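Visitor: Got the model open. Can we go through a few local details together?

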Amino acid sequence: MSSHQRPENPNSSSSTTPRNSYPEYGTGPGAKWIKSLTNERTGAFLGGRYSDLNLSAVLFTERKESEDYVQMKAWSAPGRSKPSFEEAMTKEFTRVQKWKPFGPSWTNHWVQVKIHIPKGWTQYERVQFEFDPGCEAMIFDLNGTPLQGLTGGYDGYRRVEHIIPPASVKAGLYEIVIEVSCNAMFGTAGIGPPDENKYYALASADLVVPNQEAWRLMWDYQTLRQISDDLPGNTPTQNLALVLQNKIMNTFKLNDPSTITACRKIAEELFGEGWESLGPGIYDKSVDALVWGIGYCHIDTAWLWPYSVTQQKVARSWSTQVDLMNRYPEHRFTCSSAQQFKWLEQLYPKGFKNVKEKVLGGQFQPVGGAWVEHDANMPSGEALVRQQLLGQRYFQSRFGVKCSTAWLPDTFGLTGALPQILRLSGMKNFFTQKLSWNNINVFPHTTFNWTGIDGTQVLCHMTPVGKSHTYTAQATFQDVRRGLTNHKNLESSNTALLVFGNGDGGGGPLSTMLENLRRCRAAANQSKDVPVVYMGASVEEFYADLERDTNFGETLPTWHGELYLEFHRGTYTSHGSIKKGNRKSEILLREVEYVSTLASLYSAKKYEYPYDRINECWEKVCLNQFHDVLPGSAIGMVYVDAEKLYAEVEKEGRKLFEEAASTYLGGLIPLSAAIAGQTALTNGRLVALNTVHASRQEIVEIPLSGPSATKLRTEVVQISKDGSKAYALMDSEDNAGGLMYAKGMYADLQPVSAVQKSADEFVLTNSNISITIKGGRITSLYDMILQREVLIKGLTGGLVIFEDRPSYWDAWDVEVFHLETREALSFTNVTVVENGPIRAALRAEVKLPNSTFVTTVKLLTKFVASSQPNSRSMIRFDAEVDWHERHRFIKFEIPVDVRALEATYETQFGYHTRPTHKNTTWDAAKFEVCCHKYCDVSEFGYGVAIINESKYGASADGQYLRLSLLRAGTLPDPEQDQGKHNFSWAVLPHAGHFIQSDIPVVAQFFNSPVHGKVLMMGHSVLFAPDAVQSLANLSTQKSPFTIEGAPNVLLETVKRAEDDPKKKLTRVILRIYEAYGGHATATLRIASHLTVDRAYICNLLEERSSGPLELVTHEATGDTLIKLPLRGFQILTVRLAISNVVKKTYVCKKSQNMLITDALS
């Protein structure tokens, strides 16, 4: 607004005669503005009880709804099927009319529409078809190209208009096809259980002519209203906006169309004369913008609807944005999730073609780099790598671009391992906002450097826009202004990203939003009271501007470690079967890649690495890691789909494992298969395959049945009471990641025992640990070596249950007050079921009003678990649960007499430490946290860990170390966790602090049971000659890849490189990380039977990031050695080019059957 402009008298009319001088005598009553009443009055210009008298009455010039103009025929797809356009067009359609009900829920219906347009309508600026089925729908042209989505109903998500092309208006005929999908934007019942029998009525199927000038006045007025409502009172611009609204109301006459133009002229007093003629040019690039607008359509890949509905939402939403881009050249739209692009490509190829054109033109902008907007707490480190690897490779292959900005606006907390993973995946920027939902502390930053556990940082922006710092802003003036008023770091940077568009259920920006932003910018061009908003730039340009504005982050504050969300803590536990499916799938695929890599090296002529099959499995696992699926916060339908995907991964993964193992290990079959096939095994040795890259010792359970039982009895050291099974000691000796042999009882091993000392007292004991269950509770955990009681005096351990009644978000939340309802549960019906010499066990039950919890408590002989000297045995708990509680939360707890102000919880490629006290509200907020395979409390000289194989929730409060087991929420899935569960955990005391222990390796062992097969007579095995002289010493075959010289450095992943040209060199990827938070210099040893031509460090996308590494040949062994310096928690990816594998065939002699067990430990 120019400095000379002043608000006009609000009580004047448009007919007031201007004065030339100040009169000597006052002849009138004068003007007195009652501002509050004026403000109240101006709220009645649109809609409401005066809608037949105000502007709303003239928004449409014509409306035709009879069959003379609109003719429709429909076909309903059977059940919940989702036929393609081409398939639907082959069906028989029948006549339908307005108000037809579509349903029930989740069904799909196809409508053919033929529109006859009156000849005289060519005079109108726009003619459109209004179709409101009350639910979601998508319009196709007659060739099957998606044109736009529709959202029925009357809320802010409504989008029911479709513009008829002028050429069709001129021709008088327009034909389209509409797919009607019977769900609303948020499913069928919001966050409640879905209504499975909901019907939607076709409320509108009308040919209409909108009064475009009236609509533009409506947008003018709405923006004026927003400005007067949101700017501080009594500022010049705020008053002017209100004065102009009042003047417009005084000027508007219902039956005089010319007054609409006059009213628009009045609005120019704030927006600027002729502002609209500038079109997209209103965004003057020479003016520094404070708020950068970017359209976005957050489509939850599954939540209150299944995956199949998301596929439709993607096509609907994105085709709509393409249409808006054609009408608004400044519109830039960003979207993440390579999976959603792939669905569009597969299911709607014509829609994908239109999107691709806009991507290449710079308007449609892929962002995020990941396969989906994943959970960032529970996926393993390797799974997070695959999210980026799959996503970035997809974007590169389809559009020739890789994303530089990670995008997780709705994820429930963010691991401190993420910054390093993102930087190693080509992304240096990060966008999120969920921490604005904290329910205890206010997160202090908007724009900041986020530094991860290893020291890597990314430039992070958490949008301050909207009342809740939202990624679904409505592009109102309030949203624009809050980009500044909610900004917490204006001293460092005064710019904000306005991410706008309907979301969660899709939809994206509306034309109303784009119109409003043009008016906000027009007002900013006139008044300094209005923040400058800019449209037409990319997310990457916004971050580049942030870099320049902050001297590349130097002037920004820094946040170290995880971005812990003080909300949605129950998601670490909800839907336990999904958590188990995730963990088991991640472990299985790691094993598949390892054995497939070995097979491709040792049996290259007859085995080809199955890239596509493995990546397809990873895509399914990554899909299920979406941030409303893995956390357990979706409707039940979603978990039917997710369980199916996990079953497919398990089936294919096991098949891939067997194919690879049988190839490179020769003619091996599983022991279970030999027993099932009644194969007589009379000679040979019992061996097992260890897929963890560390030496290990295990006890495995062997079934004793059929003709092989006699031979198997000679290989084991303990047989069950009923003789149906036995236990063998397996030892890999120094063969990390290779074969293990059955061993007898070592001379220094003392048997383990189970003793019932009284009616309610039971003791499991071996040479180093004793555990006592008395009165149904764990009353003692005694270190026999140090003669130390591990439990706090007077406290007991075992199962505990809590009331679990969060305030609103049922599946999502567990609140701190649940801890006030603790109820200790007692074991009953305790019996001794095994009594040594290598394994002793108790069986115990816990009975709840509606559930049964059966636990087998096992203590093994000393040598199993940790391979460290002076190690302790773990106490293993195997649970079988029939769970039918509601709003209750069951955990396992152990009160440990260890003084520690922090507990250690495994995260991706490292760990987080979190307080065990409540000194501050920031400490108290972490009463339930995420962990992966272990959590630990340690003091100088001693510590205790809980290890698990499928759980993610844990806590430590200075007394109790707890593992969360099962919840029982009822929204949005009323059957959450109901039914049978099987899971295991273990308690592992250890001498020395956690930093001195090998807990991370033991936890990997616990999650990775040994595998194996039976080697039959006459089959050949290919191995390097320097290690294998006969089948008798097959178990001493060198591991191809080992880490030496740094016990804190672990080898996590072995796989073939993507895009391996498969010529003379075989490229292998090794993922290595430092696990304890300190520097190290490790030696990577590659066995001499593999000839390494060269080696490089590469990023997580497997692109070279260094020159060739120095290769040193060990004089005595011929092995290749590579020195690798690492900082704390650093991830290193080594790419090896292997030019030769020395192989030799050994044939089994007739008395040399070799048995490899695939039994679980």
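Visitor: Which residue in the turn between strand 32 and strand 33 has a positive phi?
Guide: Gln787, with a phi of about 50°. This is a predicted model. The two strands form a hairpin with four residues between them.

Visitor: How many bridges hold strand 32 and strand 33 together?
Guide: Two bridges, in the antiparallel sense. Strand 33 covers residues 788-789. Tyr782 stands opposite Glu789 there.

Visitor: And how does strand 31 run relative to strand 32, parallel or antiparallel?
Guide: Antiparallel, with six bridges joining them. Strand 31 spans residues 769-774. Ile771 stands opposite Leu781 in strand 32.

Visitor: What about the hairpin there, how many residues between the strands?
Guide: Two residues lie between strand 31 and strand 32. Gly775 takes a positive phi near 60° in that hairpin.

Visitor: Is strand 32 mostly covered or mostly open?
Guide: Mostly covered. Five of its seven residues, within 777-783, are buried.

Visitor: Switching topic. Where is Gln148?
Guide: In strand 8, residues 146-151.

Visitor: Why does Gln148 count as buried?
Guide: Because its relative accessibility is 5%, and buried means under 20%.

Visitor: What is Gln148 in contact with, leaving aside neighbours within four places in sequence?
Guide: Its contacts include Met138, Ile139, Arg159, Glu161, His162 and Arg316. Ser319 and Thr320 are also among them.

Visitor: Last one. Which feature does UniProt place at residues 566-646?
Guide: The unreviewed entry lists "domain: Glycoside hydrolase family 38 central". In the model, that span is 64% helix and 0% strand. Its end C-alpha atoms lie 30 Å apart.

Methods. Residues are numbered from 1 along each chain as its sequence is written. This is a predicted model: local features need pLDDT of at least 70, side-chain atom pairs count only at pLDDT 80 or more; totals for chains, interfaces and linings use all residues. Side-chain values use heavy atoms; hydrogens and water are left out. UniProt positions are given in the numbering used here, feature names are shortened, and annotations may be inferred rather than shown by experiment. Buried means under 20% relative accessible area, exposed over 50%, partly exposed in between (1.4 Å probe, protein chains only). Two strands pair if DSSP finds at least two bridges between them. Contact means heavy atoms within 4.5 Å.
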